[in-house]
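I opened this notebook page to record what I looked up in the structure, chain by chain.

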Amino acid sequence: MAASDELTLTGHIQHHLTNARMCNTEDGIAFNKACEDMGFWVWHIDTLAWSIGLGILFLVIFRRAASRADTGVPGKFQCFIEMVVDFVGDNVRDTFHVKSKLIAPLALTIFVWVFLMNLMDLVPVDFLPAFAGWIGETAFGMDPQNVYMKVVPTTDLNMTAALALGVFFLMIGYGIKMKGVGGFIKELTLHPFSSNNMFVQIILIPFNLILELIALVSKPFSLALRLFGNLYAGELIFILIGAIGLMQLPLHFVWAVFHILVIVLQAFVFMMLTIVYLSMAASESH
Amino acid sequence: MNLNMTLIGELIAFIVFVLFCMKFVWPPLNNAIEARQKKIADGLAAGERAEKDLELAQAKIADELNDAKAQASEIIAQAKKRAEETIDDGKKRGEQEREKLIAAGQAEIKAERNRVREELRKQVAVLAVAGAEKIIEREIDKDAHSDIVEKLVAEL
């Protein structure tokens, strides 16, 4: 444990699960505890830094492969990247039947980016926070207890909600693009209960609207909460295992091996559901 | 776990990443993959075609070889026949020639013999007559007994 001796287990876990915060107060830029009352106007700088860093890593790696791509015999790195691309492309072609330039790159970005962010979960839980604490202490003279560092961006609801929100906007956009505004509203109001009688139909509209709106909104909610919940729980168990002393080693290993599955699976599920939701939004009626 | 500005920041980052991926990452990779797939498919098809061509060529070669063999044996048979014929011809002609030569020779011999015999006969007749003349010069008259001598000569 990197923390000092008087730290309780709860405090240790709490410290691990708190983001590094930054906000703009009247006295200028402030960090962490000073931002507690700022409500919405706070940045989680660790989430932002890690996620954007990993996103850029993803783009750099794939951009390099893309700029080298030709029809000759590919190298191993090239082959690996193209296998990932082909895997995503196959899934998109199988599920999304409307021609679109956006869906496949979107799915690729989600899959690889989420995978990389999830992968940060396999870095030993105390390692990076302790390192950040050490830097904060030696370079800035801060109390290491006041230096926060949460390295897995997908354990931050802001991250997963941002992804889900992006997908949600695309769902609405595709729905309107494919069916027109009228068609989109019709889909929200005339299903699942419909009647040939004008009057009955008008009465049914509010019920339909409530049902369809719930169905629509539940999609991004489930996307965001599924990824967040899985990774947050995994991270919490890593922290708990990390807090029990020497016995943690075999337990940590077993949980890490199991977690590899979760990491890939959650990235895949997020990508797959994104494609499915968008294909549902783009198809004529459901 | 309250939502805050991070959400907006991540949303912007997400949009930027997706746009970058859409512009600079996906199209070249996907094009390269599709082009390579096409190339491989073409190569496989070409290989198959070449194999088929080879098979055809081999069949053609075997056909032509058989033809050539048949032709060769035919030619050989013809040549043998011709040779036999020639030999037979030669033999027959030789035989005829021989017979002709033999016949001619015999005829010549015969004629010569006849001629010689005639001459001999004449000479013998002359000699006989001369001898007889000498022997019986005194006793017989040449003209009276010439018929006897003539008869004698004819008997030779």
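I am working with a predicted model, in which local features need pLDDT of at least 70, side-chain atom pairs count only at pLDDT 80 or more, and totals for chains, interfaces and linings use all residues. Residues are numbered from 1 along each chain as its sequence is written, while chains are lettered from A and ligands numbered from 1 in the order in which they are written.

I began with helix H3 (residues 76–95) and helix H8 (residues 248–282) of chain A, which pack at an angle of about 30 degrees with axes 10 Å apart. This makes H3(A) roughly parallel to H8(A), a label for angles under 35 degrees. From H3(A), the contact (C-beta atoms, placed from the backbone, within 7 Å) draws on Asn91(A), Val92(A) and Thr95(A), and from H8(A) on Met272(A), Ile275(A), Val276(A) and Ser279(A). By class I noted 4 nonpolar, 3 polar and no charged residues there.

Next I looked up strands E1 (residues 21–25) and E2 (residues 28–31) of chain A, which pair in the antiparallel sense over 4 bridges, where pairing requires at least two DSSP bridges. A hairpin of 2 residues joins E1(A) to E2(A), and Cys23(A) stands opposite Ala30(A) in E2(A).

Last, I turned to chain B, which has 2 helices and 0 strands, helices being DSSP runs (H or I) of at least four residues and strands (E) of at least two. I noted that the C-alpha trace of chain B spans about 195 × 20 × 20 Å along its principal axes.

Technical notes. Axes fitted to C-alpha atoms, helices over the stretch in contact; angles between N-to-C directions. Parallel < 35°, antiparallel > 145°, perpendicular 65-115°, else oblique. Contact = placed C-beta atoms within 7 Å. Nonpolar A, V, L, I, M, F, W, Y, C, P; charged D, E, K, R; others polar.
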